[in-house]
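Subject: Structure for your files

Hello,

Here is the structure to look at, with notes on what turned up in it below.

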Amino acid sequence: MEGLALFFILTTALSVSQAREPLPIHFLRSLSGTGAEHSDGVSCLSWRLAVETYNIREWKTVPESCEDYMGNYMLGNRYRKDSKVVANEATLYAKSLKLGGDGKDVWIFDVDETTLSNLPYYAQHGFGVETYNSTSINEWVYLGKAPALPESLKLYKKLVSLGFKIIFLTGRGEAQRNITVTNLKNVGYHTWERLILKGSSEVGTSLQYKSRQRKVLVEEGYRILGNMGDQWSDLLGRNIGNRTFKVPDPMYYIA
């Protein structure tokens, strides 16, 4: 999408919406119908659905012909509405539970594209069409300017008020701890039980790493009542919790 001129609108809308009723991220009009088609003749809407339902796996990038469609989805209000449905269901579930009162009832959040949004970065890098570049994404992370996902922040605040202990479990490296703490606090995530980042000695896939970390939490006596992430690797494996919630993210895949 040429010259999107959306960074300032995106950041402003995300920031403002944390204080009042969520606003549209961007004023683009969503593509009508099923959206564009990529080279296999499958509509981009159908491709996105297959990604979100884990029917397409091990993919590397968003189809190039779907860049405009993906931009309209991510920056229009459909992405926000989809995220809101997930957060609302999580809230209803959380309110239905009776906590133990011993500080061991926890809710796990992923960070990137779950609690913090890297959409300002991806809006300038093809919405997932470009091949993953660890150098440029890390430069963005170290700016510490990722806005909160408004629906996730609202859920987080509700969970804290209900007495849940919050654990952030992220694939970010341990070297990014300080900037991650600063970024989280700056956008409204002020308290948590633990922030778990990936140590340099960790090996294997993200699914294996997060499974190991959850196993440690359970062995320490924590009860994982809820688990929310944007990747299936956040939600599959061992000790996934009593219930999982998948937030939308069709821009990249992590095994």
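Which residue forms a salt bridge with Asp102? The partner is Arg223, and the closest N and O atoms of the two are 2.5 Å apart. A salt bridge here is a side-chain nitrogen of Lys or Arg within 4 Å of a carboxyl oxygen of Asp or Glu. The pair links distant parts of the chain: Asp102 is in the loop between helix H4 (77–95) and strand S1 (105–109), Arg223 is in strand S4 (residues 223–229), and 121 residues separate them. Asp102 is partly exposed because its relative accessibility is 45%, and Arg223, at 32%, is partly exposed as well. The classes are buried for under 20% relative accessible area, exposed for over 50%, and partly exposed in between (1.4 Å probe, protein chains only).

On the source: this is a predicted model, in which local features need pLDDT of at least 70 and side-chain atom pairs count only at pLDDT 80 or more, while totals for chains, interfaces and linings use all residues. Residues are numbered from 1 along each chain as its sequence is written, and side-chain values use heavy atoms, with hydrogens and water left out.

Other salt bridges

The whole structure has 13 salt bridges. One of them joins Lys210 to Asp110, with 3.0 Å between the closest N and O atoms. Lys210 belongs to helix H9 (residues 206–219) and Asp110 to the loop between S1 and helix H5 (119–122), so that this pair too links distant parts of the chain, 100 residues apart. Lys210 has a relative accessibility of 3% and therefore counts as buried; Asp110, at 6%, is also buried. Glu174 and Arg177 meet in another bridge, at 2.5 Å from N to O. Glu174 is partly exposed at 35%, and Arg177 is partly exposed at 26%.

Sheet

Five strands make an open sheet in the order S3-S2-S1-S4-S5, with parallel pairing. Strand S3 (194–198) and strand S5 (244–246) are at the edges with a single partner strand each, so one side of each has no neighbour in the sheet. Neighbouring strands are turned by 20 degrees against each other on average, direction ignored. Strands count as paired if DSSP finds at least two bridges between them; S4 and S5 have three, in the parallel sense, and Asn227 stands opposite Thr244 in S5. Helices (H or I, at least four residues) and strands (E, at least two) are DSSP runs, numbered from the N terminus.

Helix H7 (residues 150–162) packs on this sheet and touches S1, strand S2 (165–173) and S4, its direction making about 170 degrees with that of S1. Contact means heavy atoms within 4.5 Å; axes are lines fitted to C-alpha atoms, for helices over the stretch in contact, and angles run from 0 to 180 degrees between N-to-C directions.

Helix H2 and the rings

In helix H2 (residues 44–52), the buried residues are Cys44, Trp47, Arg48, Ala50, Val51 and Glu52. Their cover includes helix H3 (67–75), H4, helix H10 (232–235) and S5. Arg48 also lies over the face of Tyr73, 3.9 Å from the ring centre. Likewise, the charged end of Lys104 sits over the ring of Tyr222, at 4.3 Å from its centre. The rule is NZ of Lys or CZ of Arg within 6 Å of the ring centre and within 35 degrees of the ring normal.

Regards
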